[in-house]
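Trainee: I am new to this structure and would like to learn how to read it. Could you take me through it feature by feature?

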Amino acid sequence: MATPTEIAYNRAQLIESLEFTFLMDEVGKHLSEAICGFGIILNLLLIYVICLRTPVHMKSYAVLLFNFAIFDLLTCIASLLACQKTIFSGFSLTYIFHGPCKYVAPWLCYFCHCFVCHAMAHSQWILLISFIYRYRILVDTAPSVKTMSMIVTGFYSMSFIVFLFYYLDMGDTEALKQIMYDLHPDNHYEDVTIWGNLTVSGNTTIFTIPSLTAIIYMTVTCVPIYFLIHWCRNKTLSILASSACSMSETTKASHAKLILALSIQATIPCFWLLASAIFTLAEFGVISGPIPENMTFRLMDCIPSSSPLVAFIFIAPYREGLMRLISKTGIYRKSTQNQVSSVVEPTTQATVQSNQQRNVRDLA
């Protein structure tokens, strides 16, 4: 039987061995606060300028942007409330929640987790639709606000059904804790003097129809969506390249900005692909440790937090609206000199071509 001195020594060794895990947990929490807090501010600003600074001819595209901003805002809030850490425990999905939701109940934490996953999956579809939209305005007229609203609602209905299935498949907290204790004995998660009262939730097994469907929908489908996005991007760029010779210098400059915007926006799903890859490798035991446990969802947090930057940088009315807001704080002072519009449309252009170029100009 171990003496008190030996027990104390072994406990000191245990705590020392867990120091890196404690460190990564703290890093994960602070990253969540920083990334999600930044995203909340940006998305609130984007919603504000969309409501007040959207030109009439951009109303249909604003439906996509507003949908992006609303879901990105709610995703940042839900992720900040949850701040989940994934515990890869065989074929169960176990999450430890470090966010404020832990002071309420595990069901709220799991709700936030499900919302984050389904909202990010939905955002991938909206990103694909936005690329299709940008392709269409070059070859045809822009769809109506009603049409865009119906398209967005139709795509969201898929994500909402998956969200309901996934949430209703929530596992028993005590059963999940026992699975975690059994599969990670070296971490001694059952010791409340080390970890405190952990808030745990998730799914006892991934092999139920709701959980398996949700996992496939949230991870596997991002691959074909990403390739479709790049296909639409390449089609759009080919049209811009083939028609550039007949455009004015000002319109060419606007198209150049649009090309850059398309290229940058096409990289946003990389966060989702990287997070999905890490999650899949860790779930099947290829990699392990506190880094993939904490970083999977922090990478996903970067998507809703970075998305508004593309709108502010490359969409002229929203960029100007943001500058006006900033100038009111005194941080930045907008020039009061009279400025002539940098775009003058020839009166001899056909109406359809004029509208197409005006859409492209405002999207750059």
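Mentor: Gladly. Let's start with an open space: α12 gives three residues to the lining of the second largest pocket, the most of any element. This is a predicted model, in which local features need pLDDT of at least 70 and side-chain atom pairs count only at pLDDT 80 or more, while totals for chains, interfaces and linings use all residues. Residues are numbered from 1 along each chain as its sequence is written, and side-chain values use heavy atoms, leaving out hydrogens and water.

Trainee: What volume does the second largest pocket have, and which residues are closest to its centre?

Mentor: A pocket is an open set of points on a 1 Å grid over the protein atoms alone, with protein on both sides within 12 Å along at least five of seven lines; lining residues have an atom within 4 Å of a point. Points are joined across faces, edges and corners, and a volume is the space filled by probe spheres set on them. Here the volume is about 210 Å³. The lining has 16 residues, with Phe 88, His 184, Ser 288, Gly 289 and Glu 293 closest to the centre. Two or more residues each come from β1 (84-89), α11 (269-283) and α12 (290-314). Helices (H or I, at least four residues) and strands (E, at least two) are DSSP runs, numbered from the N terminus.

Trainee: How many cavities of 30 Å³ or more are there?

Mentor: On that grid, a cavity is a set of points where a 1.4 Å probe fits but cannot get out. The structure has three of 30 Å³ or more.

Trainee: How does the lining of the largest cavity divide by class?

Mentor: Ala, Val, Leu, Ile, Met, Phe, Trp, Tyr, Cys and Pro count as nonpolar, Asp, Glu, Lys and Arg as charged, and the others, Gly among them, as polar. This lining has twelve nonpolar, four polar and no charged residues. The second largest pocket has six nonpolar, eight polar and two charged.

Trainee: How many residues does the largest nonpolar core have?

Mentor: Such a core is a set of buried Ala, Val, Leu, Ile, Met, Phe, Trp, Tyr and Cys residues joined through side-chain atoms within 4.5 Å. Here the largest has 76 residues, and Met 218, Tyr 166 and Trp 272 are among those with the most contacts inside it. Helix α4 (residues 106-139) gives the most, with 18. Contact means heavy atoms within 4.5 Å. Beyond four places in sequence, the contacts of Met 218 include Cys 117, Tyr 166 and Trp 272.

Trainee: Is His 113 buried or exposed?

Mentor: Buried means under 20% relative accessible area, exposed over 50%, and partly exposed in between (1.4 Å probe, protein chains only). His 113, which is found in helix α4, counts as buried because its relative accessibility is 0%. Residues it touches, not counting those up to four places away, include Gln 84, Tyr 166 and Phe 297. Leu 212 lies in helix α8 (residues 209-220) and counts as partly exposed, because its relative accessibility is 34%.

Trainee: What does the whole protein come to in helices and strands?

Mentor: There are 14 helices and three strands. Of the 364 residues, 49% count as buried.
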